[in-house]
Amino acid sequence: MLQPNPFIITADYYGAEYFCDREIETEILESNIANGRNTVLISSRRMGKSGLIAHVFNRMFVQSNFKAFSIDLYPTSSLSEMVLLLAKEITGALKSKQEKILNSFLAIVKSLRPGFKVDQVTGQLVFDLSLGEIVHPSDSLEEIFQYLESCETPCVVAMDEFQQISEYPEQNVLELLRTHVQKCRNTWFIFAGSDRRMMEKLFNNPSEPFYMSCSPLYLDTIDYDKYLAFSKKHFEKAGKKLTDACFERVFNLFEGHTWYIQRLMNELYAWTKPGEVADVPMLDNALIFVIKTYARTFQEQMSGYPEAQKQLLIAIAKEGIAEQVTSVTFCKKHSMKSPSTIQSALRVLHNKGIVNKKDNAYSITNRLFGIWLKTEY
């Protein structure tokens, strides 16, 4: 039987065996759920917040005591799309349950009844709602909350990339959602987001509806020693070996950023045959290979930027961590037109999430993109 690659790089959850550490965060999140505290979970993109939520939702405590639902709001652009996503998640989870439970959903969420159709092959009731069938999304949202509150088993709902709601064209969506959330007595929420600046604004600004309404949980890098032990264990389980120096180089290269470490470890694991050793030279070759696989994507991405933004991206990539980017010194060093030009380009790139800001210093958000820029230019 083919041994699966233990370094998961997709959003799927494969079980606790393939989940590294996060013991403290898991305990905090479970405690919040058990004690009726809503949580705001904040981390950089691809740091592992979605994996943490899936891990907690698959643990015995949640499985035995709650109905758990999880949606990713990143692809949504309106309240109707959010309602559609939430409705599909709930009905999908109920599909395998008793028919009376699904009927109880129908009895309360009347506005979504057009989405339930009879499968011509099986004769079973299936949920196949289109976006156009959600005529009054605010009413449908209210009905969904009514259903959640009516369940005999308490519910927990995770909304990933929650900051996306602030981009919806409808007015007062946050106020509407907050009104429903604060009335809940049977449903607890996890609001997760990767835009730290926006998430902190939504939950820490006194003028925002969700101000001080949730227990904060920040997701940082996984402990180095635990990540090393986790990685070596899986290599050894397959009759392979991973050197400490190799893992240390991966960890430092990506500053502990989970997804990028997983991506390189996944590649290294695939390259290393039973009885062989994954070392630094192999890592260097694997990194070159991984960068090449994304090269076409990065080239197309760069072609879409105006010249000033291209120059700034290259400059930041060469610096690695770029400080005082709007200074005359930085401008001259990287042959840019003027500090004002840099400031304009920086504002756009930061707002789009292409560059990341931490402690008044900037870096390329996509670490692989940053490495490609540095080597290509």
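1. In this predicted model, helix 9 is followed by Gly239, whose phi is positive, near 75°. The points below take up that helix and then turn to one serine in a strand.

2. Helix 9 covers residues 224-237, which makes 14 residues.

3. Which residues of helix 9 are buried? They are Tyr227, Leu228, Phe230, Ser231, His234 and Phe235. Seen down the axis of helix 9, the buried residues fall within an arc of 165°, so they line one face of the helix. An α-helix has 3.6 residues a turn, so residues three or four places apart point the same way.

4. The face of helix 9 turned away from the buried side carries exposed residues: Asp225, Glu236 and Lys237.

5. At the start of helix 9, Asp223 has a side-chain oxygen within 3.2 Å of the backbone nitrogen of Asp225.

6. Elsewhere, Ser363 lies in strand 12, residues 361-364. Is Ser363 buried or exposed? Its relative accessibility is 10%, and buried means under 20%, so Ser363 counts as buried.

7. Leaving aside residues up to four places away in sequence, Ser363 touches Ile316, Gly320 and Ile321, and also Ile354, Val355 and Asn356.

How values were computed:
Residues are numbered from 1 along each chain as its sequence is written. This is a predicted model: local features need pLDDT of at least 70, side-chain atom pairs count only at pLDDT 80 or more; totals for chains, interfaces and linings use all residues. Side-chain values use heavy atoms; hydrogens and water are left out. Helices (H or I, at least four residues) and strands (E, at least two) are DSSP runs, numbered from the N terminus. The expected span of a helix is 1.5 Å times one less than its number of residues. Buried means under 20% relative accessible area, exposed over 50%, partly exposed in between (1.4 Å probe, protein chains only). The arc is that of the directions from the helix axis to the C-beta atoms. A polar contact is a pair of N or O atoms within 3.5 Å; within protein, one must be able to donate a hydrogen and the other to accept it, and residues adjacent in sequence count only if both atoms are side-chain atoms. Contact means heavy atoms within 4.5 Å.
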